[in-house]
Amino acid sequence: MQEAPGTNKSSARGSKTIPNELYFTRKLLEWHHRDNRREMPWKGIHDPYKIWLSEIILQQTRVSQGLSYYLRLLAAYPSIEKLATASDAEVMKLWEGLGYYTRCRNMLRTARIVMTNYKGQFPASFEKLLELPGIGPYTAAAIASFAFRLPYAVVDGNVSRVLSRFFGIETPIDTTNGKQLFAQLAGRLLDSREPGVYNQAIMDFGATVCMPQQPICGLCPLGKKCTARQNGVVHRLPVKEKAVMKKIRWLAYFVFEYQGKWCVQERTDKDIWQNLFEFYAVETEGAMEWTQPVIVEWLQQQGIRRFQLNHISALYTQLLTHREIRAVFIRVKLSGIPHFLKNHRWIAVQKMKTLPFPRVINRWLDEGFEQPIWGKAGPAK
DNA sequence: AACACGGGGCG
DNA sequence: CGCCCAGTGTT
């Protein structure tokens, strides 16, 4: 459900708006008028076809990446009729390389629906726009406000970020609750006299001042009343709940022991745990059954002839933001240092605690192996 | 509510 | 590498 059209007239008459909301809209529009020099071909125009085309292209796509596609598609299909009568393959060829190819198919579907059902004219209605394939709440609000000057507030990544920071809202933006909250707030902030201008302003502001990574708070015209800035929490807003578990990584740690020393290595790759230490690691693509016969064969393949397999641990897991680590620890006592471990570091067992390890390794050191080496008191918890 | 869908820019 | 981008559709 889209929030009801905004009621903020950017004047003191708005009965329910709190002072900060009026301040926000006024300062934002001042900034847009005074400092915003972000020029784009689709800005300031009211042709629904061009607005729609640009919005579809820009879904989850940076302006710098989508611009050339917009120009090429518009040149090839100057009107929605030209687009609607083009062949699927021809349009897809022009979309090639932009990604999210469902957008292209839905774009064509919508062009044909508009031709047959609406006589080639996009409906000047938020609800009707929303029914068209590839047009969701954001795009419907964008077309409604830019093309038809209807009072609907857009809520995209820029908007939710700017609002979460200025008003200090910690509700995750990617939940049903959060989406509803930000849509409501955005609707109240909207300047209903010029919805399109306001929507341009807040998105440009998010893209050029209140950026995701390094916002230019020093130059921010709203900084005086920005809640996040006052509280020093700009960097951790907006909050996102979804931490998609992209990949499980399977690690086998071989704890090689030789003359009271353990073999360790430092992680230096551009990867997790940079500059932390670990044991000799074997990473596999999928789950690997590190049973005794498998381990013995693996050791022999490495040219290790004399060894003593002391222990195979249970599976240890560690959750990272976008990874899940699953590690098994394999203790092997050697009677010599094999060639492939010549350049590794060998640390006295008593000194292990002085090195930095990932949590999953520390947990194994603390509780994971049968014969304690820290002494009967055990390691510090 | 969770997931799939792409490719590129940036630190 | 991790994060994010003028989000939407499906299950």
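1. A quick convention first: a residue is near a molecule or strand if one of its heavy atoms lies within 4 Å of it. With that, the residues around DNA strand B are Gln-60, Thr-61, Arg-62, Gln-65, Gly-97, Leu-98, Gly-99, Tyr-100, Tyr-101, Arg-103 and Thr-176. Please keep in mind that this is a predicted model, where local features need pLDDT of at least 70, side-chain atom pairs count only at pLDDT 80 or more, and totals for chains, interfaces and linings use all residues. Residues are numbered from 1 along each chain as its sequence is written, chains are lettered from A and ligands numbered from 1 in the order in which they are written, and side-chain values use heavy atoms, with hydrogens and water left out.

2. What classes of residue make up the surface near DNA strand B? There are three nonpolar, six polar and two charged residues (nonpolar: Ala, Val, Leu, Ile, Met, Phe, Trp, Tyr, Cys and Pro; charged: Asp, Glu, Lys and Arg; polar: the others, Gly among them).

3. Some individual pairs deserve a look.

4. How do helix 1 and helix 10 cross? The axes of helix 1 (residues 19-34) and helix 10 (residues 176-189) come within 9 Å and cross at roughly 70°, so the two helices are roughly perpendicular (65 to 115 degrees). Glu-21, Phe-24 and Thr-25 of helix 1 meet Leu-185, Arg-188 and Leu-189 of helix 10 in this contact (heavy atoms within 4.5 Å). By class, three of these residues are nonpolar, one is polar and two are charged.

5. Asp-191 sits in the loop between helix 10 and helix 11 (195-208). Asp-191 is buried (under 20% relative accessible area), because its relative accessibility is 4%. A polar atom of its side chain lies 3.0 Å from the backbone nitrogen of Arg-193.

6. Finally, Arg-267 is in the loop between strand 2 (261-266) and strand 3 (277-284). With a relative accessible area of 11%, Arg-267 is buried. Arg-267 and Glu-278 are eleven residues apart in sequence, and their C-alpha atoms are 7.3 Å apart in space.

Terms used
Helix = DSSP H or I, 4+ residues; strand = E, 2+ residues; numbered from the N terminus. Buried < 20%, exposed > 50% of the residue type's maximum accessible area, 1.4 Å probe, protein only. Axes fitted to C-alpha atoms, helices over the stretch in contact; angles between N-to-C directions. Parallel < 35°, antiparallel > 145°, perpendicular 65-115°, else oblique. Polar contact = N/O pair within 3.5 Å; in protein donor to acceptor, adjacent residues only side chain to side chain.
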